[in-house]
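Here are a few exercises to work through with the model open beside you. Try each task before you read its solution.

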Amino acid sequence: MTRYVFERKVRFADVDSLGHVNNVRFFDYLEDARVSMLWDRPREVAGRRQDLVVARHEIDYRRPLTFRTDPVRVEVWVPEISRVRFTLAYEIRDDETLYVEARTIMVAYDAAAARPRRLDEDELTYLRRFSAAP
């Protein structure tokens with residue numbers, strides 16, 4: 001399994017009055033990594049958009065993250081894949097500390113029909129690069 005690694009700067013605006021990254025800002029970190037990973041490939045195939053929507057987020061805060069000049073890593077992998085949905089797992093970390101563990105359930109979506117769709121073989125092949133699933 002290969003993890004997708006996204007480096008994210010901790011911005012001063014991310015830090016709240018308690019001196020650590022605000023819990024809501026961590027969702028921005030996850031979104032930045034997810035968009036970078038999933039939209040690193042073409043979103044339109046044969047004239048059809050390959051939309052994905054978030055169905056669920058879970059997040060566990062492990063350690064406070066404070067303002068710093070060095071970026072943190074958002075590591076992403078795919079522990080589960082089905083024909084319509086998949087799960088992304090994340091760790092926000094540096095070499096010494098794990099700050100956050102999170103999961104997002106993504107659903108393949110047909111915006112024109114306003115309903116879920118099946119992941120195509122190209123999408124499944126791309127996701128399997130980051131998966132331990134068969």
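Buried means under 20% relative accessible area, exposed over 50%, and partly exposed in between (1.4 Å probe, protein chains only). This is a predicted model, where local features need pLDDT of at least 70, side-chain atom pairs count only at pLDDT 80 or more, and totals for chains, interfaces and linings use all residues. Residues are numbered from 1 along each chain as its sequence is written, and side-chain values use heavy atoms, with hydrogens and water left out.

**Exercise 1.** Find out which face of α2 is buried, and what it packs against.

*Solution.* First, list the buried residues of helix α2 (residues 121-128): Glu123, Leu124, Tyr126 and Leu127. Next, look down the axis: they fall within an arc of 160° (using directions from the axis to the C-beta atoms), so they line one face of the helix. Finally, check the partners: the buried residues of α2 pack against α1 (23-38), β5 (72-81) and β6 (85-93).

**Exercise 2.** Does Arg34 sit buried or exposed, and what is the nearest side chain of opposite charge?

*Solution.* Arg34 is buried, and the nearest side chain of opposite charge, Glu31, is 4.6 Å away. A salt bridge needs a side-chain nitrogen of Lys or Arg within 4 Å of a carboxyl oxygen of Asp or Glu, and Arg34 has none.

Definitions and conventions. Helices (H or I, at least four residues) and strands (E, at least two) are DSSP runs, numbered from the N terminus. Contact means heavy atoms within 4.5 Å. Lys and Arg count as positive and Asp and Glu as negative; His and the chain ends are not counted.
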